[in-house]
Amino acid sequence: MLAGIRPTRGLTSRNGVIPLSSSQDTVGVLAKSVRDAAYVLNAIAGIDERDEITKSQEGHTDDYTKFLTKGALRGVRIGIPHKILWEAETTVPMMPTFKKTIKILQSLGATIVNNTNLPKIEEIATTYWSWMPNEFLVSKVDFKEDLNKYLSELITSPVRTLQDIIDYNEAHKDTEMQYFGQDILIESQKTNGRDEAYQQALATNLKNSRQLGIDYALKKWKLDALLLPGDQASAASQPHSVAGYPAITTPVGIDENGVPYGIMFVGTAWTEAKLMGYAYALESALRIRRTPTFLEIDRTNATYPIPI
């Protein structure tokens, strides 16, 4: 059972990390507790000359452990954006636990505001996680450009471009494509750089997830944070990922397969500190951490069956 932090894009360096999309990628933390996660974030946050976006953090960093208090939720307003983000069938079995968790949040001093829906949610997410058109275009372009740059800077490697990877997979398809193909790699290779179509898609993504998304809900209902299910099959993590905004997850239950799941606090840019305070207060009240166990190596049941 782990606490997880996805920080604002720009708080931590991506230098040395194999990229997916520089418009969304951020390096976060997984730790045994929120306090441990705060210690790690203190250590890894900072400006890196090899990652230009980290310069945007000036004036926004702090000692995150200062905000870890059991009373952090007193007087806080938390919104629940139900539409799409809470509607996945895979979230349904978790709902009894989530409802109990919401009552605990209220007992800790938080005000819960229902139906704080994001106006453009249908353009940035569906019930289950999947590529939306603008996000997919941006990610395909980013992947090719960012991966080619990453590979070109390796000291020793026979692979220098995305095309090299595609060619290698094709030459060794019996092993490299035994279980899946490389359609997305090929689609990414066909892109033509960060052209006007890319710029328009990126601008639309940011506007829909920020001004007409998370920031809209926070401002309209005078909220401190949004609350979302930690259901990895749902689209709950899509809006803040596209926006580049922070999210903190803390465990609240364990499913029938013995897999922990959590609840997420999401906020606007550079609000990691207060979000971690909320998560710490909830974690301290729940105290549900269990020692990890190992499942049978030949286990065949799917942990998260996703309707297709």
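The axes of helix H2 (residues 95-107) and helix H10 (residues 272-286) come within 10 Å of each other and cross at roughly 110 degrees. H2 is therefore roughly perpendicular to H10, a label applied to angles of 65 to 115 degrees, where angles under 35 degrees count as roughly parallel, those over 145 as roughly antiparallel and the rest as oblique. The contact is made by Thr 101, Ile 104 and Leu 105 on the H2 side and by Leu 282, Ala 285 and Leu 286 on the H10 side; contact means heavy atoms within 4.5 Å. Axes are lines fitted to C-alpha atoms, for helices over the stretch in contact, and angles run from 0 to 180 degrees between N-to-C directions. Helices (H or I, at least four residues) and strands (E, at least two) are DSSP runs, numbered from the N terminus.

The structure is a predicted model, in which local features need pLDDT of at least 70 and side-chain atom pairs count only at pLDDT 80 or more, whereas totals for chains, interfaces and linings use all residues. Residues are numbered from 1 along each chain as its sequence is written, and side-chain values use heavy atoms, with hydrogens and water left out.

Within H2, Thr 101 is buried, with a relative accessible area of 2%. Buried denotes under 20% relative accessible area, exposed over 50%, and partly exposed the range in between (1.4 Å probe, protein chains only). When residues up to four places away in sequence are not counted, Thr 101 touches Val 252, Ile 263 and Leu 282.

An open sheet is formed by 7 strands in the order E2-E1-E6-E7-E5-E3-E4, with mixed pairing. Strands E2 and E4 (111-114) stand at the edges, each with a single partner strand, so one side of each is left without a neighbour in the sheet. From one strand to the next, the twist averages 25 degrees. Two strands are taken to pair if DSSP finds at least two bridges between them. Helix H1 (residues 34-44) lies across E1, E2 and strand E6 (247-254), and runs at about 145 degrees to E2.

Strand E5 (residues 225-230) is mostly covered, as 5 of its 6 residues are buried. On one side, E5 runs parallel to strand E3 (residues 77-80), to which it is joined by 2 bridges. In this pairing Ala 225 of E5 is the bridge partner of Ile 78, and Gly 79 stands opposite Leu 226 of E5. E5 also pairs with strand E7 (residues 260-266), in the antiparallel sense and over 5 bridges. Here Leu 226 stands opposite Val 266 of E7.

Aromatic rings were examined next. Rings of Phe, Tyr and Trp (its six-membered ring) pair if their centres lie within 6.5 Å; planes under 30 degrees apart count as stacked, over 60 as edge-to-face and the rest as tilted. By this rule the count comes to 5 aromatic pairs. For Tyr 216 and Trp 221, the ring centres are 6.4 Å apart and the planes stand at 80 degrees, so the pair is edge-to-face. Tyr 216 is partly exposed, at a relative accessible area of 32%, and Trp 221 is likewise partly exposed, at 23%. Ring pairs also link Trp 86, Phe 98 and Tyr 261 into a cluster.

Lys 222 is placed in the loop between helix H8 (196-220) and E5, and is exposed, with a relative accessible area of 64%. Trp 270 is found in the loop between E7 and H10.

Trp 270 is also among the residues touched by Thr 8, which is situated in the loop between strand E1 (3-6) and strand E2 (29-31). At 3% relative accessibility, Thr 8 counts as buried. Its other contacts, leaving out residues up to four places away in sequence, include Thr 26, Tyr 245, Pro 246 and Glu 272.
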